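Reader: Hi! I'm new to this one, could you walk me through it?

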Amino acid sequence: MSEQQPSPEPADFDAADREVLPASVRRAPKFAAFIATGVIVGGVLGLILGLVLPNSTGVGRGTVALLVASGFIVLGVVVGGVVAVLLDRGTPRELKAMKQAEAEAEQRDAGPDETQA
């Protein structure tokens with residue numbers, strides 16, 4: 001009663017090879033991930049320091065911990081953003097080096113006959 005359908009024919013890989021387009025991939029950092037990491041690290045560090053360090057004010061430890069944590073969160077956002085920007089500045093150099101290496105490889109693969117023509 002259950003009829004099996006024949007399996008589809010395998011794809012023609014020769015046709016796929018002819019349609020390949022060269023592409024370059026830009027490896028850039030995700031800014032949101034760096035900033036979120038700064039928020040998390042700054043918040044945890046601020047809470048720990050606010051709860052552990054001595055409190056000489058008249059308010060409770062929890063209030064001081066939240067205030068210190070909020071300051072450290074701002075600092076973490078700034079540090080995370082700066083790290084992301086510094087990593088992003090290095091991306092064009094890597095891309096330029098990668099393109100130069102590809103060009104040299106193409107020249108080697110082309111052989112002496114095509115370069116002299």
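This is a predicted model: local features need pLDDT of at least 70, side-chain atom pairs count only at pLDDT 80 or more; totals for chains, interfaces and linings use all residues.

Reader: Thanks! How many helices and strands does the chain have?

Author: There are four helices and zero strands. Helices (H or I, at least four residues) and strands (E, at least two) are DSSP runs, numbered from the N terminus. Read from the N terminus on, the order is α-α-α-α.

Reader: And what share of the residues is buried?

Author: Buried residues make up 14% of the 117 residues in the chain. Buried means under 20% relative accessible area, exposed over 50%, and partly exposed in between (1.4 Å probe, protein chains only). The accessible surface of the chain is about 9900 Å², and 63% of that belongs to carbon and sulfur atoms. Such areas come from the Shrake-Rupley method with a 1.4 Å probe; for residues, only the protein chains shown count as cover.

Reader: Let's switch to helix packing. At what angle do α2 and α3 pack?

Author: Helix α2 (residues 31-52) and helix α3 (residues 61-89) pack at about 150°, and their axes are 6 Å apart. That angle makes α2 roughly antiparallel to α3. Here, axes are lines fitted to C-alpha atoms, for helices over the stretch in contact, and angles run from 0 to 180 degrees between N-to-C directions. Angles over 145 degrees count as roughly antiparallel, under 35 as roughly parallel, 65 to 115 as roughly perpendicular and the rest as oblique.

Reader: Which residue classes are in the contact of α2 with α3?

Author: That contact has 21 nonpolar, eight polar and two charged residues. Ala, Val, Leu, Ile, Met, Phe, Trp, Tyr, Cys and Pro count as nonpolar, Asp, Glu, Lys and Arg as charged, and the others, Gly among them, as polar.

Reader: Can you zoom in a bit? What does F34 touch?

Author: F34 lies in helix α2 and touches P29, G80, V83, A84 and L87, not counting residues up to four places away in sequence. Contact means heavy atoms within 4.5 Å. The C-alpha atoms of F34 and G81 are separated by 6.4 Å, with the two residues 47 apart along the chain. F34 is partly exposed, at a relative accessible area of 27%.

Reader: What about V39, where is that?

Author: V39 is in helix α2 too, and V39 touches I73, G76 and V77, again leaving out residues up to four places away in sequence. Its relative accessible area is 31%, so V39 is partly exposed. Between the C-alpha atoms of V39 and V78 there are 9.2 Å.

Reader: Nice. Last one: is A32 buried or exposed?

Author: A32 is exposed, because its relative accessible area is 59%. A32 lies in helix α2, and its C-alpha atom is 9.0 Å from that of G80, 48 residues away along the chain.

Technical notes:
Residues are numbered from 1 along each chain as its sequence is written. Side-chain values use heavy atoms; hydrogens and water are left out.
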